[in-house]
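Have a look at the fold before reading on.

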Amino acid sequence: MKMNFMQKTVLSRRKSLEEFPLRGRRKKEKKRFFDFKKFCVIAELKMRSPATGIVFAHSAGGLAKAYQLAGAGGLSVVTEPEFFHGSLDLLRQAVDATTLPVLAKDFVSIPKHLDLLYENGADYALLISEVFEQSLALFSLTEAIEYAHGLGLQVLLETHSRKQFENAL
């Protein structure tokens with residue numbers, strides 16, 4: 001069976017997370033939230049795009065600081081390593097470099113992944129509805145949201161169609 005990009009990425013990511021031990025503690029204690037009461041730009045730190053190649057090849061901490069100085073209201077950090085060249089270290093660098101709230105963007109499919117994002121300082125975790133609709137996750141979307149909230153993570157849900165949006169409600 002030929003796998004699509006989402007399937008390849010989720011399965012690859014799940015396998016790569018097996019090597020990461022859980023520390024059971026959080027990198028930072030203070031939770032931060034996006035301020036949606038005013039115009040809020042969420043600036044992205046993405047090292048590579050599968051479609052366009054290398055996007056950014058410098059210090060993640062330096063870029064995070066520059067985004068904050070430019071007025072960003074938050075950061076989005078892509079942590080998927082194989083296709084986007086992200087990492088949990090990249091997430092930690094962004095968290096340590098700024099006081100902005102940080103969204104960790106990855107292909108979450110297991111509870112341990114949320115544990116790792118939380119431990120490395122994320123304030124928000126991206127959940128992609130398609131991962132759950134294709135039954136690629138080892139828990140349901142509702143369970144993932146509840147688990148994230150139990151850790152203290154807020155959730156940003158990504159949908160690609162009106163149908164996915166309505167199903168998520």
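From the N terminus on, the protein chain runs α-β-β-β-α-β-α-β-α-β-α-α-β-α. That makes 7 helices and 7 strands, counted as DSSP runs (H or I, at least four residues, for helices; E, at least two, for strands) and numbered from the N terminus. Bear in mind that this is a predicted model, where local features need pLDDT of at least 70, side-chain atom pairs count only at pLDDT 80 or more, and totals for chains, interfaces and linings use all residues. Residues are numbered from 1 along each chain as its sequence is written, and side-chain values use heavy atoms, leaving out hydrogens and water.

Here are some figures for the whole protein chain.

| Property | Value |
|---|---|
| C-alpha span along principal axes | about 45 × 35 × 35 Å |
| Buried share of the 169 residues | 46% |
| Accessible surface | about 9000 Å² |

Buried here means under 20% relative accessible area with a 1.4 Å probe, protein chains only. The surface comes from the Shrake-Rupley method with a 1.4 Å probe, and carbon and sulfur atoms hold 55% of that surface.

Now zoom in on helix 4. Which of its residues are buried? In helix 4 (residues 111-119) they are His113, Leu114, Asp115, Leu116, Leu117 and Glu119. These buried residues pack against helix 1 (5-17), helix 3 (88-97), strand 5 (102-105), strand 6 (124-128) and helix 6 (141-151), with contact meaning heavy atoms within 4.5 Å. After helix 4 comes glycine 121, with a positive phi near 100°.

How values were computed: Buried < 20%, exposed > 50% of the residue type's maximum accessible area, 1.4 Å probe, protein only.
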